[in-house]
Structures are given as structure tokens and as C-alpha cells.
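Please read the following paragraphs with the sequence and the model side by side.

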Amino acid sequence: MTKDIATPVRTKEILNKFGFSFKKSLGQNFLIDTNVLRNIVDSANIGDTSGVIEVGPGIGALTEQLAKKAKQVVSFEIDQRLLPVLEETLAPYSNVKIIHSDVLKANIQETIDENFKDIDDLMVVANLPYYVTTPILMKLLEEKLPIRGIVVMIQAEVADRIAAKPGSKDYGALSIAAQYYAQAEKVMTVPATVFVPQPRVDSAVLRLTIREKPAVEVQDEAYFFQVFHASFANRRKTILNNLVHNLGPKEKKDDILEALVEAEIDPVRRGETLSLEEFARLSDSLLKRLK
Ligand code: SAM
């Protein structure tokens, strides 16, 4: 039996054999600890009827552990140099398909329709490239894909922001955006020593469990997102000033003030203290006046 890919020795052998050099610009930090990988897979609660979408397989460290548990794994890898590597390292697993593509440009729904026809339990699991963590997570959430959840290794600081509660120092637009679609929890923190090369930041595993319906009901979802982006545009400004300057129009200040009063939100509060429910109320009462 071959050794797991994610050991320091085997990883080094593979990298040497293919003369692979890491590209920092692609966020290439590979996992070399099988225990951490098993924890990630366990957190996703994957069984032999599950399908998994992976972003960035690298040399296949996580992909291999997923393939051992899941029915089918489909992984998006942007770096062409990794394709021959993956072909060799994942050769023992017939339930893995690699798609050479930038996940941000990929049509994920179409990929699901084509590859997971008989599968109704679908998870996204990945050790994400840190330079594009937020756009990848937002794409996965906003596209309302038929997935149960997302388990990802990301920067610890970003995991804290996504899972933050209103009023805490980490709470912001990202917390609201993610928590609107999913329940968020930080599963564990991970030291830099389990990667090669070691990232300069701490890492954490985040689990997002997709809600059956969004956390709050709003009349106009696109407008709701406009309202909270405007509310966070300048963290030092009050909610009233942020809305006047970033949602506008400025001459409608009185209407904005009225909407805040109707939504029972003190105009001198800051965006980061508002709960999802308060944002929903605010969005609906602004909609009546400004649109
Ligand atoms: N899964 C591997 C592991 O855990 O060892 C590698 C994880 S590494 C942090 C991130 C991977 O994502 C790299 O293989 C990188 O080439 C790939 N990647 C970077 N940007 C990407 C993108 N936009 N779309 C798809 N893959 C990407």
C-alpha cells in the first residue's frame, strides 16, 4: 500500500519527482498532516453516498482523504502544472475527477448537474487559497447551490470574522453576508506547521451549514445587500451617515432618518452593532421610502 500523500516525506518525494515549485500568487500551502485532514473530512460528515466539490486539490492531499470516504469527488484546480501530478497521485481513486479551471469562473451548478446526478448529499470541502477566500465563499453562497454545507481551511482571522456575533470586534459585512445564507462555526484552529510552505498567518477550519431558507425574510434581497454594504462602507461613521453617503441620495436624509426610526434603530449606532433582523427591518423600511 502506498503511503498517504499528506506526510512530509511523501509530499517531498512528489514535489521533487515533478520538480514542482510553489506559486505564492496561487496561495499554494499544502497540508502535510493526515490527522488534520481527517478532522476536516470528519467535520464535513461525509459518507459513502455523499458527493464532494473541492477547490484547489494541490497534489491531492485532501482529495485522497475525501475520495476514501465519499462516493464522488470533483476538484477544481487552476494550476496546469499540477494536472500530471494529480493524475499520478490520485490514480488509485476512480471516484475523483479533476477540472482544470479557475473556480471563480466555473459554472458550478452545471458541474453539479453533470457529475452528481444520483447524489443528494453534497458538500464543498477545501483547503482554500487564502488570497481569494472571500470571493470563493461568497460565490458558493450567493449561487444558492444545492449543497448541505461548506467546510474550509481558511485564515483564522477570516474564520473569526465570518462566525462573529453582532457587536463583537470581528463582526462586519462578511459575517452578515455569510450568516444570511448559513450557520457559521469555527471548528478548530490549526498551526502553520501542518503546511508546506508554512503560511505567515494562523489557520482555522470553518463549517458553514446552509440554511433551508435565508436567516431573515426581506422584500428585496439585492437591496438588502446594498443596504448593508453601504452601512459598513466606513466603520467609523454612524449608520445614518453611512447610509446618507453610500446609499443616498443625500437629499433624502430625512427619509433615511425616518426609516431608521421606524426600524427602531438609533441613527448614531454603527453598522457593526446591528443584527441580521435589524438589517432586514431597515432594508424594508428604506425600500418603501427610497425606491
Ligand atoms: N488541497 C491542497 C492541500 O490541502 O494540500 C492544496 C491547497 S492550497 C492552500 C490551494 C490550492 O488552490 C492550490 O493547489 C492552488 O493552485 C489552487 N488554486 C488557487 N487559486 C485557485 C482558483 N482560483 N481556482 C481553483 N484552484 C485554485
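A residue is called buried here if 20 or more other C-beta atoms lie within 10 Å of its own, exposed if 12 or fewer do, and partly exposed in between, with the C-beta atoms placed from the backbone. With 15 C-beta neighbours inside 10 Å, Asn-45 therefore counts as partly exposed. The model is predicted, with local features requiring pLDDT of at least 70 and side-chain atom pairs counting only at pLDDT 80 or more, while totals for chains, interfaces and linings use all residues. Residues are numbered from 1 along each chain as its sequence is written.

Taken as a whole, the chain has 291 residues, of which 39% are buried, and its C-alpha trace spans about 70 × 40 × 30 Å along the principal axes. Its secondary structure comes to twelve helices and nine strands, these being DSSP runs numbered from the N terminus (H or I over at least four residues for helices, E over at least two for strands). Two residues are in contact if their C-beta atoms, placed from the backbone, lie within 7 Å; of the contacts in the chain with a separation of 6 or more, 67% are between residues 24 or more positions apart. UniProt, in an unreviewed entry, lists residues 36-212 as "domain: Ribosomal RNA adenine methylase transferase N-terminal", and over this stretch the chain is 33% helix and 28% strand, with its end C-alpha atoms 29 Å apart. UniProt positions are given in the numbering used here, feature names are shortened, and annotations may be inferred rather than shown by experiment.

Which residues are closest to the ligand? They are Phe-30, Gly-56, Gly-58, Asn-127 and Pro-129, out of 23 residues that surround the ligand, where a residue is near a molecule if its C-beta atom, placed from the backbone, lies within 6 Å of it. Strand 1 (30-31), helix 3 (61-69) and strand 3 (72-77) each supply at least two residues of this shell. By class, the shell has 14 nonpolar, six polar and three charged residues; Ala, Val, Leu, Ile, Met, Phe, Trp, Tyr, Cys and Pro count as nonpolar, Asp, Glu, Lys and Arg as charged, and the others, Gly among them, as polar. The UniProt annotation "binding site", again from an unreviewed entry, covers Asn-29, Leu-31, Gly-56, Glu-77, Asp-102 and Asn-127.

Two of these annotated positions can be followed further. Gly-56 is found in the loop between strand 2 (50-55) and helix 3, and it counts as buried because it has 23 C-beta neighbours inside 10 Å. Not counting residues up to four places away in sequence, Gly-56 touches Glu-77, Ala-126, Asn-127, Leu-128 and Pro-129. Glu-77, found in strand 3, is likewise buried, with 24 other C-beta atoms within 10 Å, and under the rule that leaves out residues up to four places away it touches Gly-56, Pro-57, Leu-82, Leu-86, Ile-98 and His-100.

In helix 3 the reader will find Leu-62, which is buried, with 28 other C-beta atoms within 10 Å. Leaving aside neighbours within four places in sequence, Leu-62 is in contact with Leu-31, Leu-37, Ile-40, Glu-54, Pro-57, Val-125 and Asn-127.

Elsewhere in the chain, the axes of helix 9 (residues 221-231) and helix 12 (residues 276-290) come within 9 Å and cross at roughly 110°. Axes are lines fitted to C-alpha atoms, for helices over the stretch in contact, and angles run from 0 to 180 degrees between N-to-C directions. Helix 9 and helix 12 are therefore roughly perpendicular to each other, a term that covers 65 to 115 degrees.

The backbone, finally, deserves a look. Most residues other than glycine have a negative phi, and most peptide bonds are trans. Asn-45, in the loop between helix 2 (34-43) and strand 2, has a positive phi of about 55° although it is not a glycine. Glu-264 has a positive phi of about 60° and lies in the loop between helix 11 (253-262) and helix 12, where it is exposed, with 10 other C-beta atoms within 10 Å. The peptide bond from Val-196 to Pro-197 is cis, with omega near -15°, and Pro-197 is found in the loop between strand 8 (195-196) and strand 9 (203-210).

Notes:
Angles under 35 degrees count as roughly parallel, over 145 as roughly antiparallel, 65 to 115 as roughly perpendicular and the rest as oblique.
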